[in-house]
Amino acid sequence: MEFRPRQSEEALWRSFISGDTEAFEQLVSCIYPSLFHYGTKFSRDKEMVKDCIQDVFVKVWESRANLNGSIPPVPYLFASLRRRIHRQTEHQAAREQAGTEAELFEAVFSIEQDLIRSEASQELGDRFAALLNQLPARQKEIVLLKYFENLSREEIASIMQITPQSVSNTLQKSLNWLRNNWSPALPTAAFLFCKYFNKNF
C-alpha cells in the first residue's frame, strides 16, 4: 500500500489558510478520495456522502480565517465528515434503534486486486476479508483508519473522540482475534496477512 503524502497535505493546508486558492483546490483533490472511501463506510447513499463532503469543504473555506494552520488536516477533515454524516443519519439510526454512532460504520473489506495472483490467492484473500468483516463496527473503523488510511493512533483518537490508549487497546484486540482465527498453515496466507496490514507478524 502506498503511503499518502501527508507532509504535502499539511503544506497545502497552511498555504490554503494563508489565502492560496489553488492550494485549496489541490487539497480537495488530494484528500477527497480518502474522505469518500471513509464516508461510504457509514452510509450506502453515495450521493449523500458526496453532499456531506462538499458541505465540509464549504465550511472549511468559509471559516479559513479562524482555522489553525498547525493542525494536521487529514484527521480534522475526517472528524468533520464523521460528525456531519452522523447528523444526517441520526434520525434514521434512532428509528432503526442503531444505538450508537459507532454502529453506523458499515465497512466491507475486500482484498485489492494487486494482491490476487491466482485462484488460490483469491480464495485466501476472500477468507481473510471475511474475517475482517466479522469484527465489530468500532474495531473495523479503527482497522480501516490505521491500515488503509495510515493514520496514527493520536489522529484516530481525534477522529473518533476516544483516547489514544483506547485506540491501541481496540486495535490490539482486533489483531489478536484475527491471529487466533486465521490458519497459519499456508505461506501464502501469511504473506497476505502481513502485506494487508503492512506489518510483520
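The buried residues of helix α7 are E155, I156, A157, I159 and M160, where buried denotes a relative accessible area under 20%, exposed over 50% and partly exposed in between (1.4 Å probe, protein chains only). Helix α7 spans residues 153-160; helices are DSSP runs of H or I with at least four residues, strands are runs of E with at least two, and both are numbered from the N terminus. The model is a predicted one, in which local features need pLDDT of at least 70 and side-chain atom pairs count only at pLDDT 80 or more, whereas totals for chains, interfaces and linings use all residues. Residues are numbered from 1 along each chain as its sequence is written, and side-chain values use heavy atoms, with hydrogens and water left out.

The chain contains nine helices and zero strands, and its pattern along the sequence reads α-α-α-α-α-α-α-α-α. Of the 201 residues in the chain, 45% are buried. Contact is defined as heavy atoms within 4.5 Å. Among the contacts in the chain with a separation of 6 or more, 67% are between residues 24 or more positions apart. The chain exposes about 11,000 Å², of which carbon and sulfur atoms supply 48%; accessible areas come from the Shrake-Rupley method with a 1.4 Å probe, and for residues only the protein chains shown count as cover.

Two helix pairs involving α8 were examined. Two packed helices are described by the angle between their axes and the distance between the axes. Axes are lines fitted to C-alpha atoms, for helices over the stretch in contact, and angles run from 0 to 180 degrees between N-to-C directions. The axes of α7 and α8 (residues 164-181) come within 8 Å and cross at roughly 105 degrees. The two helices, α7 and α8, are therefore roughly perpendicular, given that angles under 35 degrees count as roughly parallel, over 145 as roughly antiparallel, 65 to 115 as roughly perpendicular and the rest as oblique. On the α7 side the contact is made by R153, E154, I156 and A157, and on the α8 side by P164, Q165, V167 and S168. By class, this contact of α7 with α8 has four nonpolar, two polar and two charged residues. In this classification Ala, Val, Leu, Ile, Met, Phe, Trp, Tyr, Cys and Pro are nonpolar, Asp, Glu, Lys and Arg are charged, and the others, Gly among them, are polar.

For helix α6 (residues 137-148) and α8, the axes come within 9 Å and cross at roughly 100 degrees. Helix α6 is thus roughly perpendicular to α8. Residues Q139, I142, V143, K146 and Y147 of α6 make the contact with V167, T170, L171, K173, S174 and L175 of α8. The residues of the contact of α6 with α8 divide into six nonpolar, three polar and two charged. T170, found in helix α8, is buried because its relative accessibility is 17%. Not counting residues up to four places away in sequence, T170 touches Q139 and I142.

Helix α8 also holds N181. N181 is partly exposed, at 40% relative accessibility.

Positive phi values occur in two loops. N150, in the loop between α6 and α7, is not a glycine but has a positive phi of about 60 degrees. With a relative accessible area of 18%, N150 is buried. Q161 lies in the loop between α7 and α8, just after α7. Its phi is also positive, near 60 degrees, in a residue other than glycine. Q161 is exposed, with a relative accessible area of 60%.

A79 is buried, with a relative accessible area of 5%. A79 and A157 are 78 residues apart in sequence and 9.7 Å apart in space, C-alpha to C-alpha.

For the cysteines, a disulfide is taken as a pair of cysteine sulfur atoms within 2.5 Å, and by this rule the count comes to zero disulfides. C30 is partly exposed at 26% relative accessibility, whereas C52 is buried at 1%.
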